[in-house]
Amino acid sequence: MELKFKKLFQKNAKKLVQGNEKLQEKINHAIIDFATHLFDSQFYRKPLRGVGKDIHELQIGGDIRIIIEVILIHDTIIFLNIWTHASLELSSKKRLKI
């Protein structure tokens with residue numbers, strides 16, 4: 001499985017983990033776990049409806065989410081964004097920041 005990281009994901013991940021080594025380790029573990037187990041990952045939450053059929057959500061702890069795009073035909077996972085649930089605007093009427 002090829003892993004790709006969008007600039008928005010990299011920028012937000014860097015901000016989010018500043019001074020928090022435990023969170024950095026948890027995010028790394030989630031990335032590896034999902035790449036290994038895909039939809040059976042302990043961090044996998046759900047597909048996101050209305051955004052695109054290949055867009056999914058991972059949950060890292062309480063409120064932190066990772067938004068990914070999974071392209072199985074190309075054996076690729078693209079990490080689009082990471083932040084809190086509210087900051088990513090995952091409510092039904094707001095647009096997802098990707």
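Predicted model: local features only at pLDDT ≥ 70, side-chain atom pairs only at ≥ 80, totals over all residues.
Two rings of Phe, Tyr or Trp count as an aromatic pair if their centres lie within 6.5 Å.

Five strands form an open sheet with mixed pairing, and their order is β1-β5-β4-β3-β2. At the edges of the sheet are β1, spanning residues 2–5, and β2, spanning residues 44–47, each of which pairs on one side only. On average, neighbouring strands of the sheet are turned by 30 degrees against each other, direction ignored. Within the sheet, β4 (residues 64–71) and β5 (residues 76–84) are antiparallel partners joined over eight bridges. One place to look for this pairing is Ile67, whose bridge partner in β5 is Asn81.

Helix α1, made of residues 7–17, lies across β1, β4 and β5, and runs at about 40 degrees to β5. Helix α2, made of residues 21–37, lies across β1, β2, β3, β4 and β5, with an angle of about 140 degrees to β3 (55–60).

Most residues other than glycine have a negative phi. Leu38, however, has a positive phi of about 50 degrees without being a glycine, and this residue lies in the loop between α2 and β2. Asp75 is another residue other than glycine with a positive phi, near 55 degrees. Asp75 sits in the loop between β4 and β5 and counts as partly exposed because its relative accessibility is 38%.

Back to the aromatic rings: the count comes to six aromatic pairs. In one of them, the rings of Phe5 and Phe9 have centres 5.6 Å apart and planes at 35 degrees, so this pair is tilted. Phe5 also pairs with Phe79, and here the rings are stacked, at 4.9 Å centre to centre and with 15 degrees between the planes. This second pair links distant parts of the chain, since Phe5 belongs to strand β1 and Phe79 to strand β5, 74 residues apart.

Phe9 is buried, because its relative accessible area of 4% falls under the 20% limit. Phe79 is buried as well, with a relative accessible area of 0%.

Conventions: Residues numbered from 1 in each chain as written. Heavy atoms only, no water. Pairing = 2+ DSSP bridges. Helix = DSSP H or I, 4+ residues; strand = E, 2+ residues; numbered from the N terminus. Axes fitted to C-alpha atoms, helices over the stretch in contact; angles between N-to-C directions. Contact = heavy atoms within 4.5 Å. Buried < 20%, exposed > 50% of the residue type's maximum accessible area, 1.4 Å probe, protein only. Phe/Tyr/Trp six-rings, centres within 6.5 Å; stacked < 30°, edge-to-face > 60°.
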